[in-house]
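Try each task before reading its solution.

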Amino acid sequence: AKALPSSNTKLHQAGLSLAPNPTSGEVAIRFGELEEAAEISLEIHNALGQLVLYKDFGKAAQLDEKLDLGRLNSGLYFVSVKAGGERFEQKLIISKD
């Protein structure tokens, strides 16, 4: 991922929340609110940059989804939500006992 200027980064993280983080499998992904509905999609990449999950949510102004990531191995992942022309990214840690 290319580095954004620091003034931009806060803005780009403000709209996306992941809980719990770290998680053992299930994570609630909340995103919003957009001023107007946009095409929203979600991608999760592992630390090697490989796409491990893709979901298309169609046109929406916000997102409130529970995902079960129990099939993924423990480690660091990057969750990114694309909404219209914007991209919001957060790190997610999966930690299993």
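This is a predicted model: local features need pLDDT of at least 70, side-chain atom pairs count only at pLDDT 80 or more; totals for chains, interfaces and linings use all residues.

**Exercise 1.** Follow β6 to strand β7 and determine how many bridges join them, then inspect the turn of their hairpin.

*Solution.* First, count the bridges: nine of them join β6 to β7 (residues 86–94), and these strands run antiparallel. As a spot check, S80 stands opposite E89 in β7. Then look at the turn. The hairpin formed by β6 and β7 has two residues between the strands. One detail to check there is G84, whose phi is positive, at about 60 degrees. For background, most residues other than glycine have a negative phi.

**Exercise 2.** Work out the strand order of the open sheet of three strands, and explain why β1 and β5 each have one side left without a neighbour.

*Solution.* Reading across the sheet gives β1-β2-β5, with antiparallel pairing. β1 (16–19) and β5 (63–68) stand at the edges with a single partner strand each, so one side of each has no neighbour in the sheet. From one strand to the next, the twist averages 15 degrees. Now take the pairing of β2 and β5: six bridges join β2 (residues 26–31) to β5, and the two run antiparallel. Within that pairing, E26 has D68 in β5 as its bridge partner.

**Exercise 3.** Locate the cis peptide bonds that join A19 to P20 and N21 to P22, and compare their omega values with your own torsion calculation.

*Solution.* For the bond between A19 and P20, omega is about -10 degrees. For the bond between N21 and P22, omega is about 10 degrees. P20 is placed in the loop between β1 and β2, and P22 lies in the loop between β1 and β2 as well. As a reminder, most peptide bonds are trans.

**Exercise 4.** Decide whether V52 is buried, exposed or partly exposed, and list what V52 is in contact with beyond its neighbours within four places in sequence.

*Solution.* Begin with the location: V52 is found in strand β4 (residues 51–60). Its relative accessible area is 23%. Buried means under 20% and exposed over 50%, so V52 counts as partly exposed. Leaving aside neighbours within four places in sequence, the contacts of V52 are I44, H45, N46, R71, L72 and Y77. Finally, take L72: V52 and L72 are 20 residues apart along the chain, and their C-alpha atoms are separated by 8.2 Å.

Terms used
Residues are numbered from 1 along each chain as its sequence is written. Side-chain values use heavy atoms; hydrogens and water are left out. Two strands pair if DSSP finds at least two bridges between them. Helices (H or I, at least four residues) and strands (E, at least two) are DSSP runs, numbered from the N terminus. Axes are lines fitted to C-alpha atoms, for helices over the stretch in contact, and angles run from 0 to 180 degrees between N-to-C directions. Buried means under 20% relative accessible area, exposed over 50%, partly exposed in between (1.4 Å probe, protein chains only). Contact means heavy atoms within 4.5 Å.
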